[in-house]
Amino acid sequence: MMKGVPYLFTVAIMALATTLVSAYDPSPLQDFCVAINNTDSAVFVNGKFCKDPATVTANDFFFPGLNIPGNTAASKLGSSVNLVNVDKLPGLNTLGISLARLDFAPYGLNPPHTHPRGTELLVVMEGTLLVGFVTSNPNKLFTKVLNKGDVFVFPIGLIHFQFNIGQTNAVAFAGLSSQNPGLITIANAVFGSNPPINPDVLTKAFQLDKNVVDYLQKQF
């Protein structure tokens, strides 16, 4: 009997490890868990409190307005992203999915960014987009020109971008494999963090003159 103890112990450790290693939203344990900000008489699940199922309505699973174009003129980059995540659509809580509408003015850019908690599946509805993502070391670029009806996937956590290379507006929709995929825009994070990263660090990391680093930090 004692010979089997090390084996059982090893199996138990491996089973515990597999429950701890998960890169995606955990599977729900009920049909739904509509998010609610009022914590009275609520249960904490997946980062959001659950609304009492008896008070849930169809509106908790509904979000209008993705037919409305985004205001690309309000952005220096000529792009607009309307993300429907759990904060806008409470019924998404625990379901591991969200949706975004992306609008681009001619030569508009959705700059290099990453979603730390979600893979992104993009479909172009109008226009022509140059898209791409960069892998972890050795940093290989995968890029493609997409036209209407084309689909491209950006793996979870990898830096990616979308750029309208056409002379007309472009529209795309993206599904993400998280109710709250997160967003880190690379330039904003590096040059616009609060408090700012020490300029000496950026000067050495990017091999730039300190005046250039100071200028970039002021931009963000």
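Analyst: Buried means under 20% relative accessible area, exposed over 50%, and partly exposed in between (1.4 Å probe, protein chains only). The model is predicted: local features need pLDDT of at least 70, side-chain atom pairs count only at pLDDT 80 or more, and totals for chains, interfaces and linings use all residues. Residues are numbered from 1 along each chain as its sequence is written, and side-chain values use heavy atoms, without hydrogens and water.

User: Why is Leu-121 called partly exposed?

Analyst: Its relative accessible area is 47%, so Leu-121 is partly exposed. Leu-121 lies in strand E7 (strands are DSSP runs of E, at least two residues, numbered from the N terminus).

User: Which residues make the nonpolar surface patch?

Analyst: Leu-121, Val-151 and Val-153 make a patch of about 250 Å².

User: What makes E7 and E12 a pair?

Analyst: Pairing takes at least two DSSP bridges. Strand E7 (residues 120-126) and strand E12 (residues 170-176) have six, so they pair, in the antiparallel sense. Glu-120 stands opposite Leu-176 in E12.

User: Why are E9 and E13 called edge strands?

Analyst: Strand E9 (141-146) and strand E13 (184-185) each have a single partner strand, so one side of each lacks a neighbour in the sheet. The order of that open antiparallel sheet is E9-E8-E11-E6-E13.

User: How many bridges join E6 and E11?

Analyst: Three, so strand E6 (residues 109-114) and strand E11 (residues 159-164) meet the pairing rule. His-113 has His-160 in E11 as its bridge partner.

Notes
Helix = DSSP H or I, 4+ residues; strand = E, 2+ residues; numbered from the N terminus. Patch = residues over 30% accessible without salt bridge, like charges linked within 9 Å, V, L, I, M, F, W, Y side chains within 5 Å. Areas by Shrake-Rupley, 256 points an atom, 1.4 Å probe, with all protein chains shown as cover. Salt bridge = Lys/Arg side-chain N within 4 Å of Asp/Glu carboxyl O.
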